[in-house]
Amino acid sequence: MSSDRKIDRFTVRPDRAGWTVYDVWTGEPAVIAMVPQTGLSEADAAHTADLLSRHAQGGHRSLRQ
């Protein structure tokens with residue numbers, strides 16, 4: 001049986017000031033408008049990771065490397 005589920009490119013991890021959105025491909029914090037996505041609330045980090053992962057799965061050109 002084949003699975004259509006794709007692995008999310010972005011995930012969240014706790015940090016010293018809250019939560020960080022990490023890019024799984026690079027191992028670095030995600031950056032939006034030149035702002036590292038660190039120190040977020042857990043809800044904001046999860047929401048941001050979900051949005052970024054959905055854009056990445058859709059092939060959004062700003063997320064290509």
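Met34 counts as exposed, because its relative accessibility is 79% and exposed means over 50% relative accessible area, buried under 20% and partly exposed in between, with a 1.4 Å probe and protein chains only. What you see above is a predicted model, in which local features need pLDDT of at least 70 and side-chain atom pairs count only at pLDDT 80 or more, while totals for chains, interfaces and linings use all residues. Residues are numbered from 1 along each chain as its sequence is written, and side-chain values use heavy atoms, with hydrogens and water left out.

Back to Met34. It belongs to the loop between β4 and β5. Helices (H or I, at least four residues) and strands (E, at least two) are DSSP runs, numbered from the N terminus. Phi of Met34 is near 65°, a positive value, and the residue is not a glycine. Ala33 is in the loop between β4 (31-32) and β5 (35-36), and it has a positive phi of about 55° although it is not a glycine either. Most residues other than glycine have a negative phi. Ala33 is exposed too, because its relative accessible area is 70%.

Now the overall layout. The protein has five strands and one helix, and from the N terminus the order is β-β-β-β-β-α. Of its 65 residues, 23% count as buried. The protein exposes about 5000 Å², and carbon and sulfur atoms supply 53% of that; the areas come from the Shrake-Rupley method with a 1.4 Å probe, and for residues only the protein chains shown count as cover.

Next, the sheet. Three strands form an open sheet in the order β1-β2-β3, with antiparallel pairing. The edge strands are β1 and β3, each pairing on one side only. Two strands pair if DSSP finds at least two bridges between them. Between β1 (residues 10-15) and β2 there are six bridges, and a hairpin joins the two strands through two residues. β2 and β3 have two bridges: Asp23 is partnered with Glu28 in β3, and Tyr22 with Pro29 in β3. The hairpin of β2 and β3 has four residues between the strands, and there Gly27 takes a positive phi near 75°.

Where does Val24 sit? It is in the loop between β2 (18-23) and β3 (28-29). Val24 counts as partly exposed because its relative accessibility is 45%. Leaving aside residues up to four places away in sequence, Val24 touches Asp8, Arg9, Phe10 and Thr11, where contact means heavy atoms within 4.5 Å. From Val24 to Val12 the separation is 12 residues in sequence and 9.7 Å in space, C-alpha to C-alpha.

What lies across β1 and β2? Helix α1 (residues 42-57) does, running at about 160° to β1. Axes here are lines fitted to C-alpha atoms, for helices over the stretch in contact, and angles run from 0 to 180 degrees between N-to-C directions. Of the contacts in the protein with a separation of 6 or more, 33% are between residues 24 or more positions apart.

Last, the rings. The charged end of Arg9 sits over the ring of Trp25, 3.9 Å from its centre. Arg13 lies over the face of Tyr22, at 4.3 Å from the ring centre. The rule is that NZ of Lys or CZ of Arg is within 6 Å of the ring centre and within 35 degrees of the ring normal.
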